[in-house]
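Here is a short report on side-chain contacts and surface features. Read it alongside the sequence and the 3D view.

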Amino acid sequence: MDKITTIKERILFYLEEKSIKKESFYRETGMSASNFKGAGLKSDLGIDKVVKVLSVYPELNNHLHWLIKGEGVLDLNAVEEEEQKKDPQSSGDLLYSENFNEGIGDLLANIYAQYNTQDKSLLFIQNQISKMEKKLDAAIIKQGKYLEKILSQVQDKADSK
């Protein structure tokens with residue numbers, strides 16, 4: 001597979017490696033197939049969706065660095081995974097590990113930046129709509145005045161006959 005740039009692409013790669021059907025993934029996670037096609041594939045996956053994927057496919061918890069940052073490789077046959085499964089202390093502390101927290105922090109920062117950008121875009125669009133509404137109101141008032149003038153002239157002609 002070529003360079004995998006998004007979390008969604010890495011998830012699809014994981015599904016392919018595990019021979020998991022996409023339809024099963026969509027059903028189990030409650031996600032829509034359209035989020036993983038075309039332009040949707042290049043957009044970020046929300047943190048709530050990442051958490052859902054991790055809860056449905058807990059094996060990915062051992063590959064968070066790869067999943068979130070895209071660094072390293074997805075090695076599903078790693079000996080470390082077996083050792084972590086045998087050692088309950090190390091697997092129980094996953095949420096408190098520094099790498100996990102850095103990865104989640106980076107992901108949250110990315111999501112926040114995306115939210116900020118979208119928020120600014122929405123404000124710009126709302127401002128443009130407001131300006132257009134004002135222009136429309138002014139045009140309607142102007143048109144009303146023209147109609148009143150025309151009606152007045154028609155009335156004057158009718159009165160003069």
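Is E9 buried or exposed? E9 is buried, because its relative accessible area is 12%. Buried means under 20% relative accessible area, exposed over 50%, and partly exposed in between, with a 1.4 Å probe and protein chains only.

This is a predicted model, in which local features need pLDDT of at least 70, side-chain atom pairs count only at pLDDT 80 or more, and totals for chains, interfaces and linings use all residues. Residues are numbered from 1 along each chain as its sequence is written, and side-chain values use heavy atoms, with hydrogens and water left out.

**Salt bridges**

The structure holds 2 salt bridges. The term covers a side-chain nitrogen of Lys or Arg within 4 Å of a carboxyl oxygen of Asp or Glu. Side chains of opposite charge can pair when their charged atoms come close.

| Salt bridge | N to O distance |
|---|---|
| E9 and K42 | 2.8 Å |
| E59 and K18 | 3.2 Å |

Take the E9 and K42 salt bridge. This pair links distant parts of the chain: E9 sits in helix α1 and K42 in helix α3 (residues 38-42), 33 residues apart. Helices are DSSP runs (H or I, at least four residues), numbered from the N terminus. K42 has 51% relative accessibility, so K42 counts as exposed.

Next comes the salt bridge of E59 and K18. E59 lies in the loop between α4 and α5, and K18 in the loop between α1 and α2, so the pair ties together parts that are 41 residues apart in sequence. E59 is buried because its relative accessible area is 19%. K18 has 36% relative accessibility, so K18 counts as partly exposed.

**Aromatic contacts**

How many aromatic pairs does a search of the whole structure find? The search finds 6. Rings of Phe, Tyr and Trp (its six-membered ring) pair if their centres lie within 6.5 Å; planes under 30 degrees apart count as stacked, over 60 as edge-to-face and the rest as tilted.

One of the pairs is F13 with W66: the ring centres are 6.2 Å apart and the planes stand at 50°, so the pair is tilted. F13 belongs to helix α1 and W66 to helix α5 (residues 64-69), and 53 residues separate them. Both F13 and W66 are buried.

F25 and Y57 have ring centres 6.0 Å apart and planes at 25°, so this pair is stacked. F25 is in helix α2 and Y57 in the loop between α4 (47-56) and α5, so the pair ties together parts 32 residues apart in sequence. F25 is buried, with a relative accessible area of 0%. Y57 is buried too, at 7%.

K8 lies over the face of F36, 5.8 Å from the ring centre. For such a contact, NZ of Lys or CZ of Arg must be within 6 Å of the ring centre and within 35 degrees of the ring normal.

**Backbone and surface**

Which residue other than glycine has a positive phi near 55°? It is S19. Most residues other than glycine have a negative phi. S19 lies in the loop between α1 (7-17) and α2 (22-29). Its relative accessibility is 65%, so S19 counts as exposed.

I129 is in helix α8 (residues 98-160). At 43% relative accessibility, I129 counts as partly exposed. With L122, F124 and I125, I129 makes a nonpolar surface patch of about 400 Å². Patches are made of residues with over 30% relative accessible area and no salt bridge; like charges are joined within 9 Å, nonpolar side chains (Val, Leu, Ile, Met, Phe, Trp, Tyr) within 5 Å.

How values were computed: Helices (H or I, at least four residues) and strands (E, at least two) are DSSP runs, numbered from the N terminus. Accessible areas come from the Shrake-Rupley method with a 1.4 Å probe; for residues, only the protein chains shown count as cover.
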